[in-house]
Structures are given as C-alpha cells and as structure tokens.
Amino acid sequence: MNFKDIKSSKQKLFTIIKFISIPLITAGMGLEIWNIETITTSHQLPTILNPVLILAHIALAAHFIEGIIAAIYAPAKNHNPIKYAVYTFFVGTVGVLELWENRDP
C-alpha cells in the first residue's frame, strides 16, 4: 500500500464520518431540546432514552469544544472562524484535522 492509497482511504473514512456525524449531532440537539421541553413542562423523557441522552451530552460537549478550537485556529489558516466553527461542530474531529492539514472542508 503506497501513500496515495493511504490518503485515498483516509478521505473515504472522513467522508463516511461526516455523513454519519451530521445527522447524529442534529438528533442529539433535538433530544436535548426535547429534554429541556420536558423539564419546563414537568414531564419526563422515557427512561429508555437516559443512556442516549448521556451520550448526547458527551458528544455535544465534545463537538462544542472542537468548534471553539476550530474558531480559534481558523483565522491563521485563512478561514472564516464562525463558518468553520459551525462546520466543525457538526463533523467533529474531522473538521479540526482538516483545518490543521490546511484543506478546504
């Protein structure tokens, strides 16, 4: 396996991660909104969703931190910090790796 094959495999993996990450983060945000709504209306989420809610908390927090990191480093790589932070929030670590490799999303 040569360098070109490794780079191609990495690109395919990044693309797959992006396509999976965006709907999962969006679903996590929806679950958080639902959780906030149930708290404000004195209702409760089904208990079966508690583990999923915990994973959503962790994923959203991690992606938020990655978005902040991307916003800080984006100007140094000639990217708009707000746009790149939002992009990185949705795709996660892949966005930060692409920023450090100085590639376009």
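**Close-up 1. Contacts of H63.** H63 touches S21, I25, T88, F89, F90, V91 and G92, leaving out residues up to four places away in sequence. Contact here means heavy atoms within 4.5 Å. The model is predicted: local features need pLDDT of at least 70, side-chain atom pairs count only at pLDDT 80 or more, and totals for chains, interfaces and linings use all residues. Residues are numbered from 1 along each chain as its sequence is written, and side-chain values use heavy atoms, without hydrogens and water. H63 sits in helix α2 (residues 50-73). Helices are DSSP runs of H or I, at least four residues, numbered from the N terminus. H63 has a relative accessible area of 12%, so it counts as buried. Buried means under 20%, exposed over 50%, and partly exposed in between (1.4 Å probe, protein chains only).

**Close-up 2. The largest nonpolar core.** Six residues build this core: A70, A74, Y84, Y87, V91 and L99. A nonpolar core is a set of buried Ala, Val, Leu, Ile, Met, Phe, Trp, Tyr and Cys residues joined through side-chain atoms within 4.5 Å. Helix α3 (residues 81-91) gives the most, with 3 residues. V91 touches I17, K18, S21, I22 and H63, again not counting residues up to four places away in sequence. A second, separate core has 5 residues, among them L45, L49, L53 and A56.

**Close-up 3. A nonpolar surface patch.** F64, I65, I68, I69, I72, Y73, L97 and W100 make a patch of about 790 Å². Patch residues have over 30% relative accessible area and no salt bridge, with nonpolar side chains (Val, Leu, Ile, Met, Phe, Trp, Tyr) joined within 5 Å. A salt bridge is a side-chain nitrogen of Lys or Arg within 4 Å of a carboxyl oxygen of Asp or Glu. Areas come from the Shrake-Rupley method with a 1.4 Å probe. Helices α2 and α4 (93-100) each give two or more residues. α2 gives the most, with 6.

**Close-up 4. Aromatic pairs.** The structure holds 3 such pairs. Rings of Phe, Tyr and Trp (its six-membered ring) pair if their centres lie within 6.5 Å; planes under 30 degrees apart are stacked, over 60 edge-to-face, the rest tilted. The ring centres of Y73 and W100 are 6.0 Å apart and the planes stand at 85°, so this pair is edge-to-face. Y73 is in helix α2 and W100 in helix α4, so the pair ties together parts 27 residues apart in sequence. Y73 is partly exposed at 42% relative accessible area; W100 is partly exposed at 47%. Y84 and Y87 also pair edge-to-face, 5.5 Å centre to centre with 65° between the planes. Both Y84 and Y87 are buried.

Note on methods. Patches are made of residues with over 30% relative accessible area and no salt bridge: like charges are joined within 9 Å, nonpolar side chains (Val, Leu, Ile, Met, Phe, Trp, Tyr) within 5 Å.
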